[in-house]
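Colleague: I am new to reading models. Could you take me through this one, feature by feature?

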Amino acid sequence: ERKCDLSGLWRNELRSLMEIHEVNDAGEFSGDYLTAVTATSNCIRRSPLKGAQHDAKQRGQPTFGFTVNWEKFSNSTTVFVGQCFVDDKGKETLKTMWLLREEVGSPGDGWRATRVGTNVFTRK
Ligand SMILES: CN1C(=O)N(C)[C@H]2CS[C@@H](CCCCC(=O)O)[C@H]21
């Protein structure tokens, strides 16, 4: 299959799992995110994601972005941006940064509402 086509099953260093369904000709994809941990005290549920990547046929190591809607167990939202890298053995790595925005009661609380981090996914 094309290298760095994001479809398939991925896992990150927090042991979260991400399954991306087929990527269409416009680079758009959907999938599911099964987070290993949560900032809430709620029961974790599989959460939908939607995103887009650059064409893996045109770009050897395309950039991408996607959004995860956690609404099944949290009022927060996470966006990821990143790039897929392929090593000389053909092993793919997704280097990402993310922003996690949690819902707060009022704009004045907005200062504490966004977490940021880096994150690496490899194929499971
Ligand atoms: C487990 N995680 C993971 O695999 N990340 C890359 C980071 C960014 S999304 C966050 C999980 C958020 C779950 C929903 C919530 O607690 O509000 C954390």
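Modeller: Start with "near": a residue is near a molecule or strand if one of its heavy atoms lies within 4 Å of it. This is a predicted model, where local features need pLDDT of at least 70, side-chain atom pairs need 80 or more, and totals for chains, interfaces and linings use all residues. Residues are numbered from 1 along each chain as its sequence is written, and side-chain values use heavy atoms, without hydrogens or water.

Colleague: Which residues come nearest to the ligand?

Modeller: Tyr-33, Thr-38, Ala-39, Ser-74 and Ser-76, out of 17 around it.

Colleague: Which polar side-chain atoms lie by an oxygen atom of the ligand?

Modeller: A polar contact is a pair of N or O atoms within 3.5 Å. Ser-76 has a polar side-chain atom 2.6 Å from a ligand oxygen. For Ser-74 the distance is 2.7 Å. Tyr-33 also places a side-chain N or O atom 2.7 Å from a ligand oxygen. Alone, the ligand exposes 450 Å², and the protein buries 95% of that. Such areas come from the Shrake-Rupley method with a 1.4 Å probe.

Colleague: How do I read the strands?

Modeller: Strands are DSSP runs (E, at least two residues), numbered from the N terminus. Two strands pair if DSSP finds at least two bridges between them. Here 8 strands close into an antiparallel barrel, in the order β1-β2-β3-β4-β5-β6-β7-β8. From one strand to the next, the twist averages 30 degrees. Angles run from 0 to 180 degrees between N-to-C directions, with axes fitted to C-alpha atoms.

Colleague: How many bridges join β1 to β2?

Modeller: 4 bridges link β1 (residues 8-12) and β2 (residues 17-20), which run antiparallel. Trp-10 has Met-18 in β2 as its bridge partner.

Conventions
A polar contact is a pair of N or O atoms within 3.5 Å; within protein, one must be able to donate a hydrogen and the other to accept it, and residues adjacent in sequence count only if both atoms are side-chain atoms.
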